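Subject: Structure handover

Hello,

The structure you asked about is below, with the sequence. My notes on it follow.

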Amino acid sequence: MARYARVKGSIALITLTNPPVNALSAAVRRGIVESVSRALKDEQVKAVVFCGENEKFCGGADIKEFSGSMSGPPLVPMIHSIEAGEKLMVAAIEGVALGGGLELALGCHYRRHVSAQEALQLGIVDQVAEGSAVQAAMELALSVIGQPLNPRRLSLRAPVWAPDVDGVCDTALAQVKQRSRGAMAPVACVQAVRAAAMLPYSKGMERERQLMDTLFRSGQARAMQYAFFAQRNAGKWSLPNGAQWNNTRARDVQRAGVIGLGTMGRGITVCLVKAGISVVAIETDAKQLESGKKAVTAMLQRDAKRRGVSPPLHLLTFTLSFHQLRDVDLVIEAVFEDMNLKKRVFSDLCKVLRANTLICTNTSGLSVDELAAVTDRQPLVVGMHFFAPAHVMKLLEVVSGSRSSPEAVATAMALGKRIEKVCVAVGNCSGFVGNRMLKLYLDQSVYMLEEGATPEQVDQALEEFGFAMGIFKVSDLSGLDVGWRVRKASGLIGPDVDPVKPSRWRLGRRYCPLPDMLCQQGRFGQKTGRGWYLYDSPGSKEAKSDPEIQTFLKDYRHKYGIIPRRITSQEVIERCAFSLANEGFRILEDRIAASPEDIDVIYLFGYGWPRHRGGPMFYAAQVGLSVVLEKLEHYHRVHPDVPSLEPSRLLRRLVAEGSPPIQQWKSHIKNLRSHL
Ligand SMILES: CCCCCCC/C=C/C(=O)SCCNC(=O)CCNC(=O)[C@H](O)C(C)(C)COP(=O)(O)OP(=O)(O)OC[C@H]1O[C@@H](n2cnc3c(N)ncnc32)[C@H](O)[C@@H]1OP(=O)(O)O
């Protein structure tokens with residue numbers, strides 16, 4: 001809707017009213033068209049000022065409408081009629097002016113913005129005002145009423161022609177194509193800029209419309225719209241006992257403790273302090289404490305310098321003494337990923353913490369219930385699974401154990417939001433959601449190496465699909481020794497395993513010993529300068545093909561009598577993506593995740609899944625569930641020794657029920673026990 005009011009005698013004030021961000025829904029567009037027409041007809045009105053309710057100009061087109069049939073006045077003709085209007089039009093921009101909101105502002109003859117110095121420099125706005133933008137816009141309108149409008153109409157401006165504009169666009173296009181990894185919209189943006197710079201206004205607009213039509217109809221647009229709402233819905237968590245985001249109060253956290261100042265503990269400390277929370281950071285070793293202190297201080301100083309503020313170092317206490325934790329509201333344990341060590345820390349914490357202090361564990365997959373069981377406060381224990389580097393990565397899995405209280409979950413979710421993470425509440429199982437699925441994706445990748453692929457081929461296929469980095473590059477970055485240690489701890493590698501020709505069969509299923517064999521050679525990835533790839537020196541980042549790995553793989557296949565075959569990019573994507581989705585369906589069956597959207601958000605923000613592909617569950621829906629089922633059945637027939645390739649019950653059920661849209665999957669999961 002749009003509200004119309006006449007103010008200061010000669011000004012029509014049109015207020016966009018569609019909370020929370022005044023998106024341009026059909027009703028809003030209709031309201032604008034009617035209000036503009038009224039203003040144009042009213043002889044007393046000399047100028048029109050547009051603003052948004054609650055000091056938010058406009059968040060753009062209403063994305064919710066994109067999935068249905070569009071009704072109401074179309075956006076572009078509406079903006080054209082404003083621009084062509086015979087009365088002065090001014091946009092009073094406060095808060096946001098995004099997408100169609102910015103277009104509406106650009107259609108006006110004058111603009112202002114409350115904070116965007118950069119927009120001023122770019123010539124997008126004419127003045128930056130302190131105080132009320134609406135008042136400033138009205139004063140501006142009154143001061144320019146009567147001046148000719150044609151020079152203010154953007155459609156009448158000559159294209160910005162530079163002699164080398166074509167070359168500049170070619171260069172930009174090449175760069176964008178490389179960076180966008182298959183995403184169509186960034187490429188179309190450069191093409192639209194080229195059209196704007198080189199063609200007359202109407203032709204440029206026509207070209208933009210064509211580009212927009214293509215994008216609008218694409219699966220990528222659907223994926224991005226889905227990802228947008230999935231991200232926002234993830235915050236609206238619910239537990240089977242009825243507790244949910246809007247009926248459970250989170251506790252206020254003023255002071256927190258962080259246990260362990262390794263890579264994760266340092267990143268978590270930085271996040272908390274940046275959000276204004278006092279942190280007591282604990283180490284057991286003086287040297288480690290000192291190096292943690294230096295690293296955290298340096299990170300905060302760098303960040304503060306970038307933002308032109310002073311680093312909040314006064315919020316930090318570094319200590320070797322657990323007793324300093326007695327006043328904190330919440331503790332995040334971030335010690336080494338070792339169950340016994342974590343249990344010891346949890347018992348020690350209970351001796352010093354107040355009885356009502358929450359204990360959170362930053363584990364990437366250990367049982368939250370098992371850890372909670374050693375404490376005197378099981379309802380106050382939850383998992384907070386951060387992703388490395390913790391001060392950079394947006395994702396936080398909040399793990400609700402079987403005895404975690406709604407208040408503890410609410411507090412961890414609220415704290416995550418406060419430190420600007422995208423939080424997803426998940427249930428407790430080995431690996432939770434993200435790493436439980438990752439295991440199967442990693443398995444498929446190494447099986448393909450056994451069968452004939454190289455790390456380069458697998459990575460290239462994944463990067464062409466849109467991942468920022470292929471799985472083998474990611475493994476080198478995170479360190480191959482991490483998984484090796486986990487496999488040792490879980491008994492998959494031990495004294496019984498032949499070090500020269502290890503078995504390819506463990507726990508009744510196929511096992512690929514290649515990663516273990518690499519670790520035995522000291523190839524831990526970037527940190528040792530050698531992993532699946534070769535690096536110039538330990539710690540360097542540029543991955544180069546390593547002929548030794550090619551020979552190693554050849555020898556390995558020869559040793560085990562494997563005849564290598566050509567593996568296509570299609571097979572790489574199918575085996576990786578469909579394995580992920582298949583485990584995602586099992587996770588939904590087990591009720592470890594509340595919805596497919598939550599799983600997709602985890603993969604988008606924690607594992608580099610390309611946004612223009614929505615997430616593994618959305619991708620499966622887009623490819624078609626019956627196709628995914630057929631492919632999984634095929635791969636399971638070919639690899640009967642890989643039970644995880646067997647299609648999940650839920651996938652079969654959904655296909656049998658006619659492959660309903662992803663939003664309806666939840667209602668097809670009935671009578672299954674929930675862990676959330
Ligand atoms: C009819 C014409 C069709 C063709 C038009 C072609 C040209 C125009 C294209 C566009 O305009 S596309 C849309 C461009 N706009 C955006 O992409 C903005 C997206 N929104 C945001 O980035 C953020 O939401 C924000 C505006 C910066 C606000 O961020 P904040 O963190 O303050 O709040 P959120 O939690 O993100 O959002 C609050 C609430 O509002 C809903 N919402 C936000 N933007 C839109 C929108 N454009 N359409 C519909 N709904 C929107 C969001 O889902 C949240 O809802 P709830 O979760 O609270 O229900």
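F432 is buried, with 26 other C-beta atoms within 10 Å. A residue is called buried if 20 or more other C-beta atoms lie within 10 Å of its own, exposed if 12 or fewer, and partly exposed in between, with C-beta atoms placed from the backbone. Before the rest, two notes on the source. This is a predicted model, so local features need pLDDT of at least 70 and side-chain atom pairs count only at pLDDT 80 or more, while totals for chains, interfaces and linings use all residues. Residues are numbered from 1 along each chain as its sequence is written.

F432 is not a glycine, yet has a positive phi of about 55°. F432 sits in the loop between β14 and α15 (434–451). Helices (H or I, at least four residues) and strands (E, at least two) are DSSP runs, numbered from the N terminus.

S659, also not a glycine, has a positive phi of about 50°. S659 is in the segment after α25 (649–656), and it counts as partly exposed, with 18 C-beta neighbours inside 10 Å.

There are also cis peptide bonds to note. One joins P19 and P20, with omega about 10°; P20 is in the loop between β2 (11–16) and α1 (26–41). The bond from A388 to P389 is cis as well, with omega near -10°, and P389 lies in the loop between β12 and β13. These entries are listed because most residues other than glycine have a negative phi, and most peptide bonds are trans.

**Overall form**

The protein has 25 helices and 16 strands. The C-alpha trace spans about 95 × 60 × 55 Å along its principal axes. Of the 676 residues, 40% count as buried.

Among contacts with a separation of 6 or more, 68% are between residues 24 or more positions apart. Two residues are in contact if their C-beta atoms, placed from the backbone, lie within 7 Å.

The division is into domain 1 (2–156), domain 2 (165–217), domain 3 (255–432), domain 4 (453–462 + 469–559) and domain 5 (569–668). These bounds come from an automatic or database domain assignment. The C-alpha centres of domain 3 and domain 4 lie 31 Å apart.

Strands pair if DSSP finds at least two bridges between them. β12 (residues 381–386) runs antiparallel to β13 and is joined to it by four bridges, with F386 opposite L396. With β14 (residues 422–427), β13 pairs in the parallel sense over six bridges, and the bridge partner of S400 is G427. From β13 the chain passes through helix α14 (residues 406–418) to β14 in a right-handed β-α-β crossover. Right-handed here means that, with the strands pointing away from the viewer, the path from the first strand over the helix to the second runs clockwise.

**Strand β7 and its partners**

Four of the five residues of β7 (residues 255–259) are buried, so β7 is largely enclosed too. β7 pairs in the parallel sense with β8 (residues 278–282) over five bridges, and R255 stands opposite S278. β7, helix α10 (residues 263–274) and β8 form a right-handed β-α-β unit. β7 also runs parallel to β10 (residues 330–333), joined by four bridges, with I259 opposite E333.

**Nonpolar cores**

A nonpolar core is a set of buried Ala, Val, Leu, Ile, Met, Phe, Trp, Tyr and Cys residues joined through C-beta atoms within 7 Å. The largest has 128 residues, and V331, V382, V398 and V409 have the most contacts inside it. Helix α21 (residues 569–589) gives this core its largest share, nine residues. A second, separate core has 41 residues, including I11, I14, L16 and A91.

Leaving aside neighbours within four places in sequence, V409 is in contact with W237, L239, V382, V398, S400, S404 and A425.

Regards
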